Amino acid sequence: MSPASEGEADGGLLVVERPGGRGYAARRRDRFGRPPLPRVEPALLFAVGGLASGVAIGGMLALEQLVEAGLLLAASLGSLGLALRRRGARSAAPAPPPAPAPSPLPIDLVDDRDPLTGLPGKLAMRLATGAVLRAGAPGTRAALLAFDLDRLKDVNACWGYAAGDEVLRRIGERLTELAGERGRAARLGGDRFALLLPDLPDPATALERAREALEQLGRPLEVAGVEITPSATIGVALHPDHGSGFDQLMRCAELAVDEAKREGGGRLLLFEPRMDATLKARKVMERELRRALETGQFTVHYQPQFDLASNAVVACEALIRWRHPDRGLVPPIEFVPIAESNGLIRPLGAWILEEALGAARRWLDLGWPVRVAVNVSAAQLRQRDLPALLRRLLAETGVPPHLLELEVTESLFVDPSQITIRRCLDAVAAMGVSLAIDDFGTGYSSLACLKRLPVDRIKIDKSFLRELGRDPADEAIVRTIIGIARTFDRRVVAEGVETELQRRFLERAGCDEAQGYHFARPMPEDEVTAFMRDRLISTPAPRHNLARAG
């Protein structure tokens with residue numbers, strides 16, 4: 001058989017070399033039964049491919065189908081029977097009839113694999129998800145799980161990037177085991193992973209498998225002789241309930257991850273449609289927050305703290321207020337978490353500190369050495385320049401460092417890997433600034449933090465005060481906290497005192513200071529200044545002063 005007839009017999013595109021010119025060898029079908037891609041100029045290939053894809057699939061497929069169709073088209077252009085001429089060459093055979101539609105491109109041929117974990121990347125996961133969903137049994141569901149590893153940065157900071165990489169590799173192995181033969185696992189980048197679980201009978205089974213994944217990922221790892229306990233936050237989206245393809249499902253799963261992280265992380269959440277509305281509301285709030293900072297819509301109110309023995313004002317807690325032009329006063333619980341998540345807490349926190357120290361300076365000028373307490377978040381304490389900011393503001397105002405107190409929640413002290421926060425607190429304490437643990441007893445009360453960290457005061461959460469005189473358990477908790485403070489040479493402040501009964505109980509139990517509506521509500525600076533004129537202002541106790549014997 002002649003070369004020409006041989007090329008026609010197997011359906012290949014044949015270009016015969018002309019004497020003195022550049023030609024091509026006979027094209028044969030590849031191992032998937034398709035003719036290989038003709039070797040043509042890149043610009044021509046892109047033009048033909050773009051035209052064909054636009055005509056064939058334009059406007060008919062979802063995003064992930066478009067991507068897959070584009071790959072299939074590129075792999076099968078040789079079957080179109082186009083006779084392409086190049087300079088010095090000419091077609092020697094008529095175009096063959098159109099070849100049958102190619103089979104789906106095997107996932108393992110997509111060049112998208114994470115070099116660290118060996119898992120497929122986002123593109124391969126998109127294609128795999130489409131294939132798995134199409135092959136799913138009728139009446140079943142598939143679950144797409146989005147994972148965010150918690151505190152991976154702390155692992156890198158404590159034990160180095162090699163340890164962090166090993167954690168990522170081991171997490172990839174565990175996800176591969178959880179995927180099984182039918183599922184798929186992928187690394188989407190950084191500390192983000194995905195897991196696809198097909199053929200699930202109902203949503204309850206999907207949540208059960210997600211809880212299993214959360215438990216498996218949380219098992220301790222030994223890395224370079226150190227035991228590391230991973231933690232992950234998981235968002236779950238269901239097919240077809242929440243989307244028809246990878247991109248829709250991943251968006252829903254990541255919305256669930258975001259909400260779970262706002263609630264503390266280390267847990268899983270199933271996507272709910274309200275999360276989409278919540279996201280849109282948050283975006284509106286972000287824009288309004290930026291506008292509020294630019295136009296001066298924030299103000300600071302001060303709530304006095306009283307020494308229970310002398311009934312003298314010894315401190316004022318600075319509390320931010322947002323006077324929205326349309327909504328009125330917006331509670332901090334609504335906007336502070338958003339400011340922490342989008343970085344606005346940095347300029348907002350600096351502004352609060354500047355306002356509070358300015359007030360303390362004005363009270364000093366009146367002869368009143370009143371301590372100002374300012375709440376700071378984990379996001380602020382992770383700023384390496386926070387100690388420098390405090391030094392600058394203290395120098396500009398001339399306020400003695402011991403008249404500034406930073407209040408932090410006790411959950412920040414539990415994880416030993418919070419190295420950045422610990423270093424920041426040590427630097428702040430070395431300057432002479434006071435530190436207080438806020439809401440003590442509500443989270444992860446740690447005696448070790450009282451031993452290791454330079455804490456001056458413990459604040460009893462108001463939730464333990466509501467039933468004083470009626471609930472023996474709350475009374476025992478309050479007495480225990482006060483006893484712990486005495487043991488560690490710390491002073492105690494009770495917040496949320498609303499009745500005389502509560503005040504008398506706290507005084508008898510040996511509590512040092514208190515604040516709440518029973519004494520005074522939060523007020524603007526001018527009002528709290530007038531309030532304090534009629535009351536004796538005592539000097540705050542020195543660092544680590546023993547609590548009274550009662």
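How many bridges join strand S3 and S5, and in which sense do they pair? I looked this up before anything else. S3 (residues 141-149) and S5 pair in the antiparallel sense, over seven bridges. I note here that the model is a predicted one.

**Entry: strand S5**

Ala146 has Ala194 in S5 as its bridge partner. Ala143 stands opposite Leu197 in S5. Then I turned to strand S4 (residues 184-189). S4 also pairs with S5 in the antiparallel sense, here over five bridges. The bridge partner of Arg184 in S5 is Leu196. S4 and S5 form a hairpin, and two residues lie between them.

Is S5 enclosed or open to the outside? I counted buried residues in S5, which spans residues 192-200. Seven of the nine are buried, so the rest of the structure largely encloses S5.

**Entry: the sheet around S5**

I followed the strand order next. Five strands make an open sheet, ordered S4-S5-S3-S8-S9, with mixed pairing. Which strands stand at the edges? They are S4 and strand S9 (268-270). Each has a single partner strand, so one side of each has no neighbour in the sheet.

**Entry: helices H5 and H6**

How do the axes of H5 and H6 cross? Helix H5 covers residues 152-159 and helix H6 covers residues 161-179. Their axes come within 6 Å and cross at roughly 140°. The two helices are therefore oblique to each other. I listed the contact residues. H5 brings Leu152, Val155, Asn156 and Trp159. H6 brings Tyr161, Ala163, Gly164, Val167 and Leu168. By class, this contact has seven nonpolar residues, two polar ones and no charged ones.

**Entry: strand S15**

I moved on to S15 (residues 434-440). Six of its seven residues are buried, so S15 is largely enclosed by the rest of the structure. Which strands pair with S15? Strand S14 (residues 404-409) pairs with S15 in the parallel sense over five bridges. Val408 stands opposite Ile437 in S15. Strand S16 (residues 457-460) pairs with S15 in the parallel sense too, over three bridges. Phe440 has Ile460 in S16 as its bridge partner.

**Entry: cysteines**

I searched the whole structure for disulfides and found zero. I then looked at two cysteines. Cys316 has 0% relative accessibility, so it counts as buried. Cys511 is buried as well, at a relative accessible area of 0%.

**Entry: Glu500**

Is Glu500 buried, exposed or partly exposed? Its relative accessible area is 29%, so Glu500 is partly exposed. Glu500 lies in helix H17 (residues 500-509). I also looked up a distance to His518. Glu500 and His518 are 18 residues apart along the chain, and their C-alpha atoms are separated by 7.2 Å.

Methods
Residues numbered from 1 in each chain as written. Predicted model: local features only at pLDDT ≥ 70, side-chain atom pairs only at ≥ 80, totals over all residues. Heavy atoms only, no water. Axes fitted to C-alpha atoms, helices over the stretch in contact; angles between N-to-C directions. Helix = DSSP H or I, 4+ residues; strand = E, 2+ residues; numbered from the N terminus. Parallel < 35°, antiparallel > 145°, perpendicular 65-115°, else oblique. Contact = heavy atoms within 4.5 Å. Nonpolar A, V, L, I, M, F, W, Y, C, P; charged D, E, K, R; others polar. Buried < 20%, exposed > 50% of the residue type's maximum accessible area, 1.4 Å probe, protein only. Pairing = 2+ DSSP bridges. Disulfide = S-S within 2.5 Å.
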